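Please read the following report alongside the sequence and the coordinates.

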Amino acid sequence: LARGAGSRGLAGIPVSRALESHHKGTKAHRAMVRLVRPLIDIQRDMLEQHLHARGIDWVEDESNKDVNYRRNLVRREVVPILVKLNANAVANARRAAQMLAEEGEFLDCLAAAAADSVSTSSPARARIDILKFRNYNDILKRRILKLVLPELDSRAVEGVLEFCNRDTGGRLNLTRGVRAHRRRGIIEFERTKEILNDA
C-alpha cells in the first residue's frame, strides 16, 4: 500500500501461480511450471508450535532482523501497531487480500474475453480496435492492455488510455521498447527488435 500498489499488488503473493521456465542461456527449453507456496497462509506462531510439538528446531534467517529491509520493518514495527488497534488485524488483512485476489481473477476472465473481441496480437505487434475498446470501463481497459501488452507498466497503460481518448491520430513511445501508432480507428503497437530478442 505504501509503495502505491494497485489491487493486484494488494492481493499479495498467490498460493499458486503459473510461471514460464527455461534453461539459462537458451530459448529452446521453455516450459510452464506451477509455483506453489503451501505455507503462505499459515501464521508463524502456528508453524513454531507445530515444529516444537515434534521436537524440530525453528531456524531463523538472520536477515529477518534487519529493519533496513522494508518487509522486516513492516513485520516488526507496523504490524504490532495494527494488532494493538485490532487483535484481528492480520487475519482481516489476509481476508481482504484473498477477496482482492478472487475479484482480480474474475476481472481477468472478463478482460480476456474482451481482449479477444477488441484486439489481435502477434510477437511483433498488436492491434486494438478503438471503437470496441471504448465500450469498456477503465478497469477492464487497463486489464485488457496488460493482457495484450504485459510489458507495459502502469504509467504506460495510463498513457495508452489517454491516447485512445484523442480525436486525432499520432504516435506514442511507451516503456520497454513498445511504440504505438494510431490511425483509422486502430491503435497498432509495435515491439522493437530488442524486446523480441529478449522474449
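The report below begins with the basis of the values.

This is a predicted model, in which local features need pLDDT of at least 70 and side-chain atom pairs count only at pLDDT 80 or more, while totals for chains, interfaces and linings use all residues. Residues are numbered from 1 along each chain as its sequence is written, and side-chain values use heavy atoms, with hydrogens and water left out.

The protein chain contains eight helices and seven strands, taken as DSSP runs numbered from the N terminus (helices H or I, at least four residues; strands E, at least two). Of its 199 residues, 21% count as buried, that is, under 20% relative accessible area with a 1.4 Å probe and protein chains only, whereas exposed means over 50% and partly exposed lies in between. The accessible surface, by the Shrake-Rupley method with a 1.4 Å probe, comes to about 14500 Å², of which 54% belongs to carbon and sulfur atoms.

The axes of helix 4 (residues 89-118) and helix 6 (residues 138-148) come within 8 Å and cross at roughly 70°, the axes being lines fitted to C-alpha atoms over the stretch in contact, with angles from 0 to 180 degrees between N-to-C directions. The two helices are therefore roughly perpendicular to each other, a class that spans 65 to 115 degrees. Contact, meaning heavy atoms within 4.5 Å, involves residues including Leu107 and Asp108 of helix 4 and Arg143 and Leu147 of helix 6.

The structure holds zero disulfides, a disulfide being a pair of cysteine sulfur atoms within 2.5 Å. Two cysteines are set out here.

| Residue | Relative accessible area | Class |
|---|---|---|
| Cys109 | 57% | exposed |
| Cys164 | 3% | buried |

Conventions
Angles under 35 degrees count as roughly parallel, over 145 as roughly antiparallel, 65 to 115 as roughly perpendicular and the rest as oblique.
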